Amino acid sequence: MPAAALAVTDGMLHYELSVAVEVFGADLTHIVDPWYDFSLCGSGPVRVGRFRLDPDHGLDHLAHADTVIVPGWADTDREPPAELVDAVRAAHAAGARVASLCTGAFVLGAAGLLDGRRATTHWAHTRELARRHPAATVDPDVLYVDNGDVLTSAGKAAAMDLCLHLVRLDHGSAIANTIARRLVIPPHRDGGQAQFIATPLPSPSNHPLGELFPWALERLDQPLTVEDLARQARMSSRHLSRHFKHLTGTTPLQWLHTQRIRHAQELLETTNATVDTIAVATGMGTATTLRRHFHRSVGVPPDTYRRTFRP
């Protein structure tokens, strides 16, 4: 059973904290068993806005967790408590995966965990994070950043994106999608350069590409081009690219590529189809091509992914 610990202290943001509790602290063993062994870790009773929390363990217990989550830090003009910073640093040194939500990135920065890494935080605070931690590469244009053992999210709703991403890494896409449906939220949101996030399909009435998205998804096995998409959308290629950039934060071909990788993940998780068959079904053509692009996007080969996430 993976152990997830939430670092709590006075001065944290209650929304991000509650997001983590809702995802990792709820009893979801009816969906997947085992779920997370979840605990709140703090030095004593904690006041978060109008709420009072009683931690299960002291901050030193963070070092026993597989995943440590640091919620948003309310006052970014003030340095986070040294005991919190030291505990997060010690947990990472002990092998924990450390994830910050929103301005919790300032705690990770104070612990030295952002040095030499790409990171993000709420857009209103990215400049300050970059100024305070010049050894980090702060990206204001993503929903979250995954460095493997150190992860950071942008503000508010992006905290949920990162939490679902962690679930996806630990339990696979099917389980993450089930959790998202339970929470009545999209399982994936596109954040431009956000890692491992597939493009959502907005309501057809909301934009001029509403009918194009499902049309393209039904034809992922075909060698679609920008011209094909533009012809179906009844607009010029330039006009199409402008709409895609506005709606998804990416280009038409990159969107197609992301959908093909996501479809390959679903087929690997839910079917016994061979990699060759999946390559054809996703428009990758050959198993060699699929393996190359899949490994580059997901971080592991298709066969390894299947062994990890196939129920």
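This is a predicted model: local features need pLDDT of at least 70, side-chain atom pairs count only at pLDDT 80 or more; totals for chains, interfaces and linings use all residues.
Which residues lie nearest the centre of the second largest pocket?

Residues are numbered from 1 along each chain as its sequence is written, and side-chain values use heavy atoms, with hydrogens and water left out.

**View 1. The second largest pocket and its lining of eleven residues.** L169, V298, V300, Y305 and F309 lie nearest the centre. Helix 5 (157-171), helix 10 (252-270) and helix 13 (302-309) each give two or more residues to this lining, and helix 5 supplies the largest share, three residues. By class, you will find six nonpolar, two polar and three charged residues. Ala, Val, Leu, Ile, Met, Phe, Trp, Tyr, Cys and Pro count as nonpolar, Asp, Glu, Lys and Arg as charged, and the others, Gly among them, as polar. The pocket has a volume of about 230 Å³, meaning the space filled by probe spheres set on grid points joined across faces, edges and corners. A pocket here is an open set of points on a 1 Å grid over the protein atoms alone, where a 1.4 Å probe fits, with protein on both sides within 12 Å along at least five of seven lines; lining residues have an atom within 4 Å of a point.

View 2. Strands are DSSP runs of E with at least two residues, helices are runs of H or I with at least four, and both are numbered from the N terminus. Two strands pair if DSSP finds at least two bridges between them. Strand 1 (residues 3-7) runs parallel to strand 2 over five bridges, and A7 stands opposite C41 there. Strand 1 also pairs in the parallel sense with strand 5 (residues 67-70), over three bridges, and A5 stands opposite V68.

**View 3. I31 in the loop between helix 1 (14-25) and strand 2 (37-41).** I31 is partly exposed because its relative accessible area is 24%; buried means under 20%, exposed over 50% and partly exposed in between (1.4 Å probe, protein chains only). Leaving aside neighbours within four places in sequence, I31 is in contact (heavy atoms within 4.5 Å) with I175, T178, I179 and R182. I31 and I179 are 148 residues apart in sequence and 8.3 Å apart in space, C-alpha to C-alpha.
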